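Student: I have a protein model open, and I would like to go through how its parts are put together. Could we take it step by step?

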Amino acid sequence: MRILAVDPGSKRIGLAISDPTGTIANPLTILNHVARLVDAAAVADIAETNDAGLIVVGQSLDDDGHPNFEGRRAWRFGEALKIQTDLPVVFWDESFTTQDARMARISMGVSRKNRLGHLDSVAATVLLQSYLDGNPQK
């Protein structure tokens, strides 16, 4: 089953998709944030187009494991997404995914000049791979 991951941000929404076996995460695309319901409809459409069977929404948590400001925003987005699709929507801790994406680019030897730009889809890929590793498909 393919799984779609969403890294919701205040300006952009990063998307990643798994392979059909639900083992490997790959960057998919970046959407510009418009409005919660519009964004949710676009993500639901992308999930359907890519035959996803599950949507994972990244939610940042504080040190005590509670959603912080961005995490509460992600939760509201996930709830809007549930209205737009019949697919199951789950939340997964996305803390530090952007930093991990940045470090991945550095470790791959990407030059500083080429590292400029948006990390949203890479952060979604880190999020999805974390979910896949923590929830192996049977």
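Student: In which hand, left or right, does α1 pass α2 in their crossing?

Tutor: Keep in mind that this is a predicted model. Helix α1 covers residues 36-49, and α1 and α2 pack with their axes 8 Å apart, at an angle of about 55°. As for the hand of the crossing in which α1 passes α2, it is right-handed.

Student: How do the residues of the contact of α1 with α2 divide into nonpolar, polar and charged?

Tutor: On the α1 side the contact includes L37, A40 and V43, while the residues from α2 include F77, A80 and L81. Counted by class, the residues of this contact are eight nonpolar, one polar and three charged.

Student: Which strands stand at the edges of the sheet, each with a single partner strand?

Tutor: The sheet is open and holds five strands with mixed pairing, and their order is β3-β2-β1-β4-β5. A strand with a single partner has one side left without a neighbour in the sheet, so the strands at the edges are β3 (25-32) and β5 (89-93).

Student: Which residue of β4 stands opposite R2?

Tutor: Strand β1 (residues 2-8) runs parallel to strand β4 (residues 52-59), and five bridges join them. Within β4, the residue that stands opposite R2 is A52.

Student: Which residue forms a salt bridge with D120?

Tutor: Three salt bridges are found in a search of the whole structure. In the one formed by D120, the closest N and O atoms are 2.8 Å apart. The pair links distant parts of the chain, since D120 lies in helix α5 and its partner, 108 residues away, lies in strand β2. That partner of D120 is R12.

Key: Residues are numbered from 1 along each chain as its sequence is written. This is a predicted model: local features need pLDDT of at least 70, side-chain atom pairs count only at pLDDT 80 or more; totals for chains, interfaces and linings use all residues. Side-chain values use heavy atoms; hydrogens and water are left out. Two strands pair if DSSP finds at least two bridges between them. Helices (H or I, at least four residues) and strands (E, at least two) are DSSP runs, numbered from the N terminus. Axes are lines fitted to C-alpha atoms, for helices over the stretch in contact, and angles run from 0 to 180 degrees between N-to-C directions. A crossing is left-handed if the near helix is turned anticlockwise from the far one by less than a right angle, and right-handed if clockwise. Contact means heavy atoms within 4.5 Å. Ala, Val, Leu, Ile, Met, Phe, Trp, Tyr, Cys and Pro count as nonpolar, Asp, Glu, Lys and Arg as charged, and the others, Gly among them, as polar. A salt bridge is a side-chain nitrogen of Lys or Arg within 4 Å of a carboxyl oxygen of Asp or Glu.
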